[in-house]
Amino acid sequence: MAALDTTPQAREGVDQETVDTVQSMAGKYKHGWETDIEMDFAPKGLDEDIVRLISEKNGEPEWLLEWRLQAYRRWQQMEEPDWAMLDIPPVDYQEQYYYAKPRSMAGEKPKSLDDVDPKLLETYEKLGIPLKEQMVLAGVEGAEDAPAEGRKVAVDAVFDSVSVGTTFQEELSRAGVIFCSISEAVRNHPELVKKYLGSVVPQGDNFFAGLNSAVFTDGSFVYVPPGVRCPMELSTYFRINAENTGQFERTLIIADKGSYVSYLEGCTAPKRDTHQLHAAVVEIVALEDAEVKYSTVQNWYPGDEDGKGGIYNFVTKRADCREDRAKVMWTQVETGSAITWKYPSCILRGNDTQGEFYSIAITNNWQQADTGTKMVHLGRNTKSRIVSKGISAGHAQNTYRGLVSMHPKSSNSRNFTQCDSLLIGDKCGAHTVPYIEVKNASSRAEHEATTSKVDDDQLFYCRSRGIGEEEAVALVVNGFCKEVLQALPMEFAMEAQQLVAISLEGSVG
Amino acid sequence: MAIPKAKLRASKQEATNEWLAGRAMPAGGAWATAARKEAVERVRALTLPTKRDEYWKYTDPTSLTAAEAPEASLFEITDEGAVFEQIDRVRLVFVDGVFDAAASDDPSLAGVEITRLAEAAGNDIHWAKDYYGVLEAAGQSPVERPLAAFNTAFADDGVLIRATGKAEKPVSLIYERGEKAGDAMLHHVIRVEPGAELTVLENGPAAARFSQVMEVDVADGGRLHHVRAQGRDHERRAVTHLFARLGEESTLKSFTLVANGRLTRNEAVVWLQGENGAAHISGASMGDGEFLGDDTVFVTHSAPHCESRQVFKKVLRGGAVGVFQGKILVEQPAQKTDGYQISQSLLFDERSQFLAKPELEIYADDVQCSHGSTSGEIDPDHLFYMRARGIPQAEAESLLVLAFIAEAIEEIEDETLAEDIRARLSRWLERRRA
C-alpha cells in the first residue's frame, strides 16, 4: 500500500482519469516562480506603529486610522479560532511583514499602465492576466482574434500590498461604475467607504477579520449605481511575491438597487519553503433587486509533496442581501493553499432574497481545507442553495462546514444542501460538518450527502425512460457537478475545464 | 467580546470543584471504589458542561448541573396501559432510583445472570470490573461526556447483566417515581457473551432528574436488542448515556421513544470493533410545548465490513425543540463501511425548532456513507390528497405523521414491541386532536 503515497491507484468505481486529473491539478504548481523586483518593506512585526504606518503610506484620513486602531486593539484581545478540522502550527504574527510595496510604485501612483514597471506587467502577463486594455483575458478560446469590443474584463491587479493598476476604469466610469483599489476609493469616494466598510464584516467579527481590519493594505472597491448592469466582468488578481509577507486585502462590493455585477477573483503565489499568511476580507452589500455573482479560483501555492511551504489562507467572505429580492451567488474552486479556512456566507436579510453557494474544493498531498458556507435566513420567502463537492487525495483533509439558519421570522424559506466528497487513496480524509437550525415550521431545509439520495423524482423520470439505475444516478450527479462548473463565468472556464473530467462515481457523503 | 479561553476554563474548573466538594462516593468493595475514584478525577479533569461547549450549544445543561434537581410534578397515566405490559418479561423495578425487590420479578432467567450493582459493588471482585467505567472512560474522547463520568462516580444502583445464551424473555427495567423532586442515578453494565442473545427493555420517568449510564459489551456473534420508552412526565429531566462496544458479527439495535419531558438528552457512543458488526441506533421524539429532546449519537467504525444506521424522527409542536447531533466516524482500516444517518423533523408551528448537526468524518476511501437531514411542515399536497379522498383533516394529519415516523419504528426488530410503540404514538397524536 506504500505505493499509494506517490501514485494513487484507482479503485473500483473511480476511473484512472479522475485520479490523474486530480494529481496533475494539485501535483504541479505552475505559478511558483518569483518576480525579482526591489521592494520596500515596513519593519517586521505588528504593533500600533505599523498600523499607523500602513495608514500613512495609503494616505488615509484620520477616521480610517482610528477604525484600524480600534480593530487592532480588539484583535489583541482575541484568540485564534480552533474549531476547524485543521492542524495549524502556531503562527508568529511578529515574524511577518505587514506591508510590502514594489519600489517602483513609491511616490505618485503611476497615472496609466504605461508608467507601470514593466517587470510588474510581465508578472501578470506570465500569469495570463493582461493589464493592457486592448487584450482580453487569456484562457478564453479564440481570445487573441476576438475584437477588443468582444469580451472584456476589467482587472485590478494587486501585487503584495498594493494595487498595481486597474484597467477599463474610464469605460466603467461612463456607466457610472466605480472600480478601483480600496485605497483610491478611500481618497475619492470616502462617503461610500465610510458607510459600508465593516458593515457586513465588523472589526471584531473573528480573529482573522480583526487582523485584516487593522492591517489591510489594498484590495478592490466596486460600486454599481442603481439600475446599472455592469458592462463587463470585474476581476481582481492577487499575487503574493515577497517572502515572509502576509497579504491582507479587503474587497468591498456595493450593488445598489436593481444593479448587476459579476466579479472574479484569482490568486497565486511563488513556491517557498516557509508558510505565508493570507487573511482577506470580502464584503458584499446587495440592495433592493441587486444581483452579485462572485467567483473565485483560489490557487495559492499549496506547499510541496511533503507539506513544506504553502499559503495559510484565512478568509472571511460575507454578503449581505440587505434589501428585498437581492441575490448573491458565490462560486469557488479551491485548489491551492496549505490551509484553507474560508466560509463565504450570505445574510438573507431582505424578503425574497436568495443566496447560492457552489464549491469545488480539491486537496492533495498535505493540504487541509475547512470550507463551506453560512446561509442565515432572516427575511421571509428567502431561498438558499448549497452545492459542495470535496475531493481529497494524498494525505489531505477536506472538510465541508456549513450553517443553515432559519430564524423565527423567516417564514416560507427554503434551503437545499448537497455535499459530496470523494476520497482518492486511503491516507486522506473527507468530512462533513453541517449545522442546520430551523426555527419556524413553514420553512423547509433539506440536507443530502449521498449519490444514492439524489432526487427520487429525477431518478424515476430517468428510470421510466428506460435508463438503468446506475446510469440514471450518474446522470443526475453529473448534472449536479456541472451546476457548480457552469456557475463559473467563462473566464475561469480553462482552469475549471480540468475539473470537468472528474467523475463523482464512488463518492461518499 | 469573547471571554478568553483560559478564563473560561478557570471558571469551569472552579464550578466543577465546588460541585464535587461534599459529594460522597457510595461505599463499596475494591473494584467499585477504584472505578469510582478514577471517575471523580475524570469529572475534575473534564469539568462540567456549559452551553459554551460545542456539543451543548443546542441544549443548555444548566438544569442538569444545578446543585438541586428542579421539581417535576408527578404524572399519572390513566389513558393507556403501561409500556410493554403485553410482553412476557422479567421485570426489575426501581422506585426513585432504588431497586425494589418486592415489586420485581424473580431475576432468575436461563442463560442470563443478573446482579444488582449495589450488591456486586460490595464484593472485592466481580466480572463487571472489566466494563464498569471502562467503556465510559473510553467514550470521553474525542467528545467529552463529563455527566457520564459523574454517573460512574456516584451511581449506587443499577444492574449488571451477563447473557451467556439465548435469553428466553426480555429483561425489563422499570423506573417508577414517587417523589416530586430529587435525583435518580442508575448505572447498568450488560455483557453479551459470544453467540448469546438478549433483549433489554426500559421504561418510566425514574425521577425529576434522571441520570443513567449503560455500558454494553457485545462479544463476537452476540446480539443485543434494546427498546426504551422514557416517561411521559412533562416536567422530568433525563440525561442518559449508552456506551456500546461491538465484536465481530455482532449486532446492537437500540430504539428510544421520547414522548414529553422538559429535557431529555440521550447520548449513544458505539464502537464497531470487529468485522461484519451492525449497529442500529434509532428514535422517535414527540414534543409539545416545553419540550427539548436531544439525541447525540457517535458511531465509530474501526473494523471493515460493518454497517451502522442512525434513524431519528421528531414531531415538534407548541414551541418544542428537537436536537440531533450525529456522527459517523470511519477510521482508516474500516473499508467497505456502510454508514447511514437520517434525522428529520416535522414542525407544527412557527415556535417549534429543529437544530441538527449531522456529521461525517471519513478516513477510509472505499466506503458508502450517507446522511440526510430535513425539516419542514406536513406537505400540504399530501394533506390535500387525503382530504380529497374523504379523510378528515385531523386523521389525515395523524396518518401522515405516523408515516413520517415509520422508518424509525421499523428499526425495532420485534413486531410486538414495534406495535406497542406505534400504538403509543397514535394515542399521543389522538390526545392532541381532541
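Helix 8 (residues 207-215) of chain A has several elements over its buried residues, including helix 2 (48-57), helix 3 (62-77), strand 8 (250-255), strand 10 and strand 12 (310-321) of chain A. Eight of its nine residues are buried, so helix 8 of chain A is largely enclosed by the rest of the structure. Those buried include A:Phe208, A:Leu211, A:Asn212 and A:Val215. Buried means that 20 or more other C-beta atoms lie within 10 Å of the residue's own; exposed means 12 or fewer, partly exposed lies in between, and C-beta atoms are placed from the backbone. Helices (H or I, at least four residues) and strands (E, at least two) are DSSP runs, numbered from the N terminus.

This is a predicted model: local features need pLDDT of at least 70, side-chain atom pairs count only at pLDDT 80 or more, and totals for chains, interfaces and linings use all residues. Residues are numbered from 1 along each chain as its sequence is written, while chains are lettered from A and ligands numbered from 1 in the order in which they are written.

Chain A holds eleven helices and 23 strands. It has 509 residues, and 55% of them count as buried. Among its contacts with a separation of 6 or more, 82% join residues 24 or more positions apart. A contact requires C-beta atoms, placed from the backbone, within 7 Å.

The largest nonpolar core has 246 residues. Such a core is a set of buried Ala, Val, Leu, Ile, Met, Phe, Trp, Tyr and Cys residues joined through C-beta atoms within 7 Å. The members that touch the most others are A:Val222, A:Ile284, A:Ala286, A:Val292, A:Val328 and B:Val270. Strand 10 (residues 275-286) of chain A gives the most to this core, with eight residues. Beyond its neighbours within four places in sequence, A:Ile284 is in contact with A:Val200, A:Ile253, A:Val292, A:Tyr294, A:Ala319, A:Asp320 and A:Val328.

**Strand pairing**

Nine of the ten residues of strand 20 (residues 397-406) of chain A are buried, so this strand is largely enclosed by the rest of the structure. In chain B, strand 17 (residues 338-347) is mostly covered, with nine of its ten residues buried. Two strands pair if DSSP finds at least two bridges between them. The pairings of these two strands are tabulated here.

| Strand | Partner strand | Sense | Bridges |
|---|---|---|---|
| Strand 20 of chain A | Strand 17 (residues 368-371) of chain A | parallel | four bridges |
| Strand 20 of chain A | Strand 18 (residues 374-377) of chain A | parallel | four bridges |
| Strand 20 of chain A | Strand 22 (residues 429-438) of chain A | parallel | ten bridges |
| Strand 17 of chain B | Strand 15 (residues 307-317) of chain B | parallel | ten bridges |
| Strand 17 of chain B | Strand 19 of chain B | parallel | nine bridges |

Individual partners can be picked out. In strand 20 of chain A, A:Asn398 is the bridge partner of A:Ala369, and A:Met406 stands opposite A:His377. A:Arg401 faces A:Val433 in strand 22 of chain A. In chain B, B:Leu347 of strand 17 stands opposite B:Leu316. B:Ser343 has B:Ser373 of strand 19 as its bridge partner.

**Where the chains meet**

The contact takes 37 residues from chain A and 36 residues from chain B. On the chain B side, strand 18 (353-362) and strand 19 (368-376) each supply at least two residues. Strand 18 of chain B gives the most to that side, with ten residues. By class, the chain B side has 15 nonpolar, eleven polar and ten charged residues. Here Ala, Val, Leu, Ile, Met, Phe, Trp, Tyr, Cys and Pro count as nonpolar, Asp, Glu, Lys and Arg as charged, and the others, Gly among them, as polar.

Strand pairing also crosses between the chains. Strand 23 (residues 444-448) of chain A and strand 19 of chain B pair in the antiparallel sense over four bridges. There, A:Ala445 has B:Ser375 as its bridge partner.

**A helix pair in chain B**

Helix 1 (residues 5-20) and helix 2 (residues 30-46) of chain B pack at an angle of about 150 degrees, with axes 8 Å apart. The two helices are therefore roughly antiparallel to each other. Helix 1 contributes B:Thr16, B:Asn17 and B:Leu20, and helix 2 contributes B:Val40, B:Val43 and B:Arg44. Axes are lines fitted to C-alpha atoms, for helices over the stretch in contact, and angles run from 0 to 180 degrees between N-to-C directions. Under 35 degrees counts as roughly parallel, over 145 as roughly antiparallel, 65 to 115 as roughly perpendicular and the rest as oblique.

B:Arg42 also lies in helix 2 of chain B. With 21 C-beta neighbours inside 10 Å, B:Arg42 counts as buried. Leaving aside neighbours within four places in sequence, B:Arg42 is in contact with B:Ala137, B:Gln140 and B:Ala149.

Terms used:
Contact = placed C-beta atoms within 7 Å.
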